[in-house]
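Me: Could you walk me through this one, a few questions at a time? I'd like each answer to end on the value or name I ask for.

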Amino acid sequence: MLNFPIFLLTYLHLAYIVSYTSNELIQEDNMTREIVKTQNLHKVYDQNSERPYEALKGISFTVDEGDFVGIMGASGSGKTTLLNILATLDKPTSGSVQIDGNDITQLTSNEMSDFRSQRLGFIFQDFNLLETLTVFENIALPLSLQNIKGRLTNQKVRESAAKLGIEELLAKYPTQLSGGQKQRVAAARALVSNPSIIFGDEPTGALDSTNARELLDTLKNINRQGVSVLLVTHDPFSASFCKRILFIKDGKIGDEIQAGNRDRTQFYQEILEKLGTFEQ
Ligand SMILES: Nc1ncnc2c1ncn2[C@@H]1O[C@H](COP(=O)(O)OP(=O)(O)OP(=O)(O)O)[C@@H](O)[C@H]1O
């Protein structure tokens, strides 16, 4: 017969293992998905010349699913260099970049362009719409790069246009649109393939204040639906729509602030103050 203290110890031990394992499982279920993870990114331009230039000096950060991150910093601090690497348009000299679990620095250039059209959305300052294509065809571009055709394209383009409120523009050409409408088309194109993340490079740079505000409200709504957004901007007003801002100085992350529970006006004030001290 089993001795009672040994039985009790065995029981407690088993109970501990079961509860520990189930806690681990619960914790795993609740773990946030990392959409972007960069580790110790370095970028050296003109590496083999007499004057190599280190534009990124060890950048590490993560963007979680549903995050809205702003990247700010003075001219020449390395923002575009970082964005080009995240967007698979350039490779780092060293360090790793994972997007949705894929190490994009290890992809071949064909794999990179597939990855770009399937998993990433872009909104640039100058819209980048093709003037010879209709709005419908412009929005459909990322799908045609993936060889998606016919009814599915029609359905996805209409869904994306509906989110941006531009269904009535689908048959028009970009030259027939205002700047604000063009940028909505660019946003619909960025959304059409359900990307893991949308990258914006000064997306409001060419818009007047009303259209800029509308685009930022739209991005905020898209983000509320769970799409992660990363914006590179000089503009504190645009940045105030973000949840979190990383400040880059001389190729390094120098500071980070979070909106937390504050309203947008309070966050805007903090961004202004931070820029005042940070960009000295
Ligand atoms: N292709 C390149 N070859 C050499 N140096 C480069 C190259 N691209 C950028 N640089 C240098 O790297 C540094 C960072 O440039 P980057 O364009 O990333 O800055 P930025 O923060 O985006 O600036 P801005 O806000 O003016 O666009 C700058 O000093 C720039 O001159």
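This is a predicted model: local features need pLDDT of at least 70, side-chain atom pairs count only at pLDDT 80 or more; totals for chains, interfaces and linings use all residues.

Me: Is Asn147 buried or exposed?

Reply: Asn147 belongs to the loop between helix 4 and helix 5. A residue is buried if 20 or more other C-beta atoms (placed from the backbone) lie within 10 Å of its own, exposed if 12 or fewer, and partly exposed in between. Because Asn147 has 7 other C-beta atoms within 10 Å, the label is exposed.

Me: And Asn194: is that residue buried or exposed?

Reply: Asn194 is not a glycine either, and has a positive phi of about 45°. Its place is in the loop between helix 6 and strand 7 (197-201). Since 12 C-beta neighbours fall inside 10 Å, Asn194 counts as exposed.

Me: Back to helix 4: what covers its buried residues?

Reply: Helix 4 spans residues 135-145, and its buried residues are Val135, Asn138, Ile139, Ala140, Pro142 and Leu143. Two residues are in contact if their C-beta atoms, placed from the backbone, lie within 7 Å. The cover over those buried residues includes helix 3 (109-119), helix 5 (150-164) and helix 6 (179-191).

Me: Turning to the ligand, which helix gives the largest share of the shell around it?

Reply: Tyr45, Asp46, Tyr53, Ala55, Gly73, Ser75, Gly76, Ser77, Gly78, Lys79, Thr80 and Thr81 surround the ligand (near here means a C-beta atom, placed from the backbone, within 6 Å of the molecule). Two or more of the shell residues come from each of strand 2 (53-64) and helix 2 (79-86). The largest share, three residues, comes from helix 2.

Me: By class, how many charged residues does that shell have?

Reply: Ala, Val, Leu, Ile, Met, Phe, Trp, Tyr, Cys and Pro count as nonpolar, Asp, Glu, Lys and Arg as charged, and the others, Gly among them, as polar. In the shell around the ligand there are three nonpolar and seven polar residues, and the number of charged residues is two.

Me: Which residue takes a positive phi in the hairpin of strand 4 and strand 5?

Reply: These two strands are antiparallel and share two bridges, with Ile99 partnered by Asn102. The hairpin has two residues between the strands, and a positive phi near 50° is taken by Asp100.

Me: For the six-stranded sheet, which residue in strand 9 is the bridge partner of Val69?

Reply: This open sheet has mixed pairing and the order 6-7-8-3-9-10, with strand 6 (120-124) and strand 10 (252-258) at the edges. Strand 3 (residues 68-72) and strand 9 (residues 244-249) run parallel and are joined by four bridges. The partner of Val69 in strand 9 is Arg244.

Me: How far apart in space are Glu256 and Ile245, C-alpha to C-alpha?

Reply: Glu256 lies in strand 10, and its contacts, leaving out residues up to four places away in sequence, are Arg244, Ile245 and Leu246. Glu256 and Ile245 are eleven residues apart in sequence, while their C-alpha distance is 5.5 Å.

Key
Residues are numbered from 1 along each chain as its sequence is written. Two strands pair if DSSP finds at least two bridges between them.
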